[in-house]
Amino acid sequence: MTSETVSPPLPTTLCYLNGALTPLQDAKISVLDRGFIFGDGIYEVVPVYAGKLFRFAQHMARLDRSLAELRIGNPLTHAAWRDIATQLIAARTQEMADLARKDAQNALPARLDHIIYIQVSRGVAPRDHVMPPDLKPTVFVMINAMKLPSLEQRTQGVACVTANDFRWEKAHIKSTSLLGAVFSRQISADAGALETIMFRGDYLSEAAASNVWVVKNGKVLGPPKDSLVLEGIRYGLIEEMCRANGIGFALRRITRAEVLDADELLLSSATKEVLPVTLLDEVKVGTGLPGPVYAKLYAAYQEAKEQAA
């Protein structure tokens with residue numbers, strides 16, 4: 001007797017695909033789409049707090065940069081991207097309200113936080129490595145519930161492991177070619193850790209799906225913005241929060257020794273926001289508990305969210 005793996009049902013939540021809103025479970029693309037064949041595309045993830053897009057202009061600027069690196073023209077204006085995101089937020093809010101009316105156990109939470117996922121591929125063409133000119137890009141947008149770190153992760157910190165950064169040297173492109181990130185994240189998953197903090201040679205680059213920050217003597221240090229690191233939207237936000245709270249901030253090459261000797265170690269991303277690392281390769285970071293700089297930055301981050309919403 002053989003057992004069959006049953007895939008979970010796909011969501012009926014609306015998504016946007018090539019000009020139309022359609023249930024996510026019904027969305028289809030060509031098997032010759034270059035995003036499917038080559039990973040020839042880019043993506044962007046925009047947080048949504050209480051129904052409001054967070055730092056949307058900065059996300060659009062990074063979308064433009066990634067598309068330009070791939071020689072793909074932006075198929076939509078920033079206003080059109082905003083309109084699509086707003087439609088999906090409204091549809092998702094209505095969907096959850098309908099569920100709440102049907103079942104008291106699905107009561108609407110006090111606050112609806114989501115992420116908008118945007119993906120643009122070069123489009124559909126016969127398989128050939130050369131970039132065909134003038135293709136119509138494939139445009140896909142979906143909305144998902146945001147899964148923020150737990151209270152325990154906030155108050156106790158998280159464990160990470162280290163690894164050599166074996167990915168390609170155009171990490172500044174938010175590319176859909178994510179096999180390197182998949183492998184690096186699996187390293188930490190296999191070790192029961194949250195993230196893999198990576199080094200190119202002796203220098204810190206980033207984590208599998210996060211930027212990494214070192215705190216030493218009350219100052220926040222991050223790797224420079226170059227082709228070896230994806231510039232997270234929180235790069236600018238953390239600098240702003242540090243300035244507002246009298247915390248030193250600098251971007252420069254950071255050695256492995258400095259990471260291992262950090263007073264505090266932080267991760268940042270759209271879904272992690274700012275998160276403390278308190279165990280690295282099974283060794284305590286600093287005191288082994290979230291530190292004072294993290295506490296200030298986390299509080300400032302929540303304030304920034306409230307102001308945006």
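On a 1 Å grid over the protein atoms alone, a cavity is a set of points where a 1.4 Å probe fits but cannot get out, and a pocket is an open set with protein on both sides within 12 Å along at least five of seven lines; lining residues have an atom within 4 Å of a point. Grid points are joined across faces, edges and corners, and a volume is the space filled by probe spheres set on the points. By this rule the structure holds 1 cavity of 30 Å³ or more.

This is a predicted model, in which local features need pLDDT of at least 70 and side-chain atom pairs count only at pLDDT 80 or more, while totals for chains, interfaces and linings use all residues. Residues are numbered from 1 along each chain as its sequence is written, and side-chain values use heavy atoms, with hydrogens and water left out.

**Stop 1: the cavity**

Select D263, E264, L265, L266, P276, V277, T278, V285, L289, P290 and G291, which line the largest cavity. The space inside is about 30 Å³. Strand 13 and strand 14 (273-280) each supply at least two of the lining residues; helices (H or I, at least four residues) and strands (E, at least two) are DSSP runs, numbered from the N terminus. The lining divides into 7 nonpolar, 2 polar and 2 charged residues. Here Ala, Val, Leu, Ile, Met, Phe, Trp, Tyr, Cys and Pro count as nonpolar, Asp, Glu, Lys and Arg as charged, and the others, Gly among them, as polar.

**Stop 2: the largest pocket**

Next select Y43, K174, L178, A208 and A209, which lie nearest the centre of the largest pocket among its 36 lining residues. Two or more lining residues come from each of strand 3 (41-49), helix 2 (56-69), strand 5 (114-121), helix 5 (179-190), strand 9 (203-207) and strand 13 (264-269). Helix 5 gives the most, with 5 residues. The volume of the largest pocket is about 990 Å³, and its lining holds 18 nonpolar, 10 polar and 8 charged residues.

**Stop 3**

Pick R62, in helix 2. R62 counts as buried because its relative accessibility is 5%; buried means under 20% relative accessible area, exposed over 50%, partly exposed in between (1.4 Å probe, protein chains only). Not counting residues up to four places away in sequence, R62 touches E44, K174, L230, E231, G232 and I233, where contact means heavy atoms within 4.5 Å.

S66 is also found in helix 2. S66 is buried, with a relative accessible area of 2%. Leaving aside neighbours within four places in sequence, the contacts of S66 are I42, I173 and K174.

**Stop 4: the second largest pocket**

The volume here is about 310 Å³. Select L24, A27, I29, Q119 and F140, the closest to the centre of the second largest pocket out of 14 lining residues. Helix 1 (34-38), strand 5 and strand 6 (138-145) each supply at least two residues of that lining, which divides into 9 nonpolar, 4 polar and 1 charged.

**Stop 5: the nonpolar cores**

A nonpolar core is a set of buried Ala, Val, Leu, Ile, Met, Phe, Trp, Tyr and Cys residues joined through side-chain atoms within 4.5 Å. Select V220, M241 and L297, which have the most contacts inside the largest core, a set of 32 residues. Helix 8 (292-308) is one of the elements that supply at least two residues of this core, and its share, 6 residues, is the largest. Centre the view on L297: leaving aside its neighbours within four places in sequence, L297 is in contact with V220, M241, C242, I247 and L266. A second, separate core has 23 residues, including V46, W81, V139 and I173.

**Stop 6: helix 3**

Show residues 78-102, the 25 residues of helix 3; at 1.5 Å a residue they should span 36 Å, and the end C-alpha atoms are 36 Å apart, which agrees. The expected span is 1.5 Å times one less than the number of residues. The buried residues of helix 3 are W81, I84, A85, L88, I89, R92, E95, M96 and A97.

**Stop 7: two loops**

Most residues other than glycine have a negative phi. A50 has a positive phi, near 50°, and is found in the loop between strand 3 and strand 4 (52-53). D281 also has a positive phi, near 50°, and is found in the loop between strand 14 and strand 15 (283-284). A50 is partly exposed, with a relative accessible area of 38%; D281 is partly exposed as well, at 35%.
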